[in-house]
Amino acid sequence: MPQPVVKKRSALDLPSESRRAVKRSTRSEAEAAVRTLIQWAGDDPDRGGLLGTPARVVRSFEEFFSGYGEDPVAILQRTFEETDGYDEMVVLRDIRFESHCEHHMVPIIGRAHIAYLPRQRVVGISKLARVLEVYSRRLQIQEKLTAQIANTINEVLQPKGVGVVIDASHQCMTTRGVHKPGMSMVTSHMIGTFRSDPRTRREFLAIISNPATTQLSNV
């Protein structure tokens, strides 16, 4: 079996977005904040049904925002060079994800399609889904999420091109504000040949637009 190549990190491997160090609140501080919000909403945080709610909310937030504790660059470090000359597009489509809007902290739920055109190295397909998961488990806007995924794959794998398309529903529009259920927002970010070569871009869009010709539900 081909052995994975663990690429040493350098300054060039880092995503373009720099992250400032943030001092995290304690669990007790977070639970106290939830109690304050319950009281602000008009209920009694000390009534029986709500006594355990602050702790449950904090545990939920640990899961919702676990992406802050993970490094998407490190996920892509283990790559494979022995591909028997494979140099065609690699596409992972219909990846369901859940995120939260950074403006209202309500869910964004959708599907992502990720593709890249290898130059020399390929990465395990689960790693592409993991990069999506890490970035989506942070407070987000869809445009930034789309760009972060594409830019990180491009900067670490250095392929000939990267394409990312996300189609998602935003509960900040469906459950509040304008209350428009059934809508979805589509964003895309194309790099390299996906941007410069219309044929590559058309092939990618055709692949993610057409339903699978083989039934995979029982695989």
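**Exercise 1.** Find which residues are linked with E70 in a network of salt bridges in this predicted model.

*Solution.* Start at E70 and follow the charged side chains. The network takes in R130, E133 and R137 along with E70.

**Exercise 2.** Work out which parts of the chain the salt bridge between E62 and R27 ties together.

*Solution.* First, check the contact: the closest N and O atoms of E62 and R27 sit 2.3 Å apart, and the cut-off is 4 Å, so the pair counts as a salt bridge. E62 belongs to helix α2 (residues 53-64), while R27 is in helix α1 (residues 27-41), so the bridge joins parts that are 35 residues apart in sequence. Last, look at accessibility: E62 comes out at 41% and is partly exposed, and R27, at 41%, is partly exposed too.

**Exercise 3.** Take the salt bridge between R199 and D197 and decide for each partner: buried or exposed?

*Solution.* Begin with the distance, which is 3.4 Å between the closest N and O atoms. Now apply the cut-offs: buried means under 20% relative accessible area, exposed means over 50%. R199 has 61%, so R199 is exposed. D197 has 19%, so D197 is buried.

**Exercise 4.** Do the accessibility step for the salt bridge of R96 with E98.

*Solution.* The closest N and O atoms here are 2.6 Å apart. R96 has a relative accessible area of 47%, which makes R96 partly exposed. E98, at 44%, is partly exposed as well.

Definitions and conventions: Residues numbered from 1 in each chain as written. Predicted model: local features only at pLDDT ≥ 70, side-chain atom pairs only at ≥ 80, totals over all residues. Heavy atoms only, no water. Helix = DSSP H or I, 4+ residues; strand = E, 2+ residues; numbered from the N terminus. Buried < 20%, exposed > 50% of the residue type's maximum accessible area, 1.4 Å probe, protein only.
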